[in-house]
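Here is a short report on one protein model. Please look over its sequence and coordinates first.

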Amino acid sequence: MDGTRKIEGCINCGEVREIAAHGLCFKCYRREDRAKGRQLIGVDRHNPGIRREHKKMFRGFSSVMTGLSDLGVSKTDVLAIRGVIDPYLDPIAKYLAAPSGQVDAAVNGEQELRNSSQCTDEQDLNGE
Ligand SMILES: [Zn+2]
């Protein structure tokens, strides 16, 4: 018999078993360990929400929308083009308004982006 392990009531499941560590039986200890591992995989503490490549994509998207606006492209065509470039926007899609029937929101989001970015090309083009 292996007498090195304590036999106690597990603080998690209450079963009287061999205790692995921290008052947990092997079953609960292992489960907690896996949960912790999963958490660590899911949380990347060194990644800001919007990364540099995202910023670049926002700028690209903003340029496209600005360009379409300058060209006076119709709503239908804007939506069509939006549909075409949509897959490219996948990494930043969660930061953008839903593309279907949400043009106003998308344009507003785009304006906010444009206002907050340092890019002033558009002003030069407009001669404002
Ligand atoms: Zn347990």
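Two residues are in contact if their C-beta atoms, placed from the backbone, lie within 7 Å. By that rule, residues 24 or more positions apart supply 34% of the protein's contacts with a separation of 6 or more.

This is a predicted model: local features need pLDDT of at least 70, side-chain atom pairs count only at pLDDT 80 or more, and totals for chains, interfaces and linings use all residues. Numbering starts from 1 along each chain as its sequence is written.

**Confidence**

pLDDT is the predictor's confidence in each residue, from 0 to 100. Its mean over the protein is 75, and 64% of the residues reach 70 or more. Two stretches stay under 50. Residues 101-107 are one of them, and the model gives this stretch nine contacts beyond four places in sequence. Residues 114-123 are also under 50, with eight contacts beyond four places in sequence. Where pLDDT is low, the predicted coordinates should not be read in detail.

**Overall layout**

The protein has five helices and three strands. Helices (H or I, at least four residues) and strands (E, at least two) are DSSP runs, numbered from the N terminus. Read from that end, the order of elements is β-β-β-α-α-α-α-α. Burial is judged by counting other C-beta atoms within 10 Å of a residue's own: 20 or more means buried, 12 or fewer exposed, and anything in between partly exposed, with C-beta atoms placed from the backbone. Of the 128 residues, 9% are buried.

**The sheet**

Strands of a sheet pair through backbone hydrogen bonds, either parallel or antiparallel. Two strands count as paired if DSSP finds at least two bridges between them. Here the three strands form an open sheet in the order β1-β2-β3, with antiparallel pairing. β1 and β3 stand at the edges with a single partner strand each, so one side of each has no neighbour in the sheet.

The two pairings compare as follows.

| Pair | Bridges | A bridge pair | Residues between the strands | Positive phi |
|---|---|---|---|---|
| β2 and β3 | two | Ile19 and Cys25 | two | His22, about 55 degrees |

Strand β2 covers residues 16-21, and β3 covers 24-25. His22 lies in the loop between β2 and β3. This residue has a positive phi although it is not a glycine. His22 counts as exposed because it has 11 C-beta neighbours inside 10 Å.

Glu8 belongs to strand β1, residues 7-9. Beyond four places in sequence, Glu8 touches Val16 and Ile19. Its C-alpha atom is 7.8 Å from that of Gly23, which is 15 residues away along the chain.

**Helix α2**

Helix α2 spans residues 52-71, 20 residues in total. The expected span of a helix is 1.5 Å times one less than its number of residues.

Which residues of α2 are buried? They are Met57, Phe58, Phe61, Ser62 and Met65. Seen down the axis of α2, these buried residues fall within an arc of 135 degrees, so they line one face of the helix. The arc is that of the directions from the helix axis to the C-beta atoms. An α-helix has 3.6 residues a turn, so residues three or four places apart point the same way. On the face of α2 turned away from the buried side sit the exposed residues Arg52, Glu53, Lys56, Asp70 and Leu71.

Leu68 is also found in α2. It is partly exposed, because 18 other C-beta atoms lie within 10 Å. Leaving aside neighbours within four places in sequence, Leu68 contacts Val73, Val78 and Ile81. Leu68 and Val78 are 10 residues apart in sequence, and their C-alpha atoms are 6.9 Å apart. After α2 comes Gly72, with a positive phi near 70 degrees.
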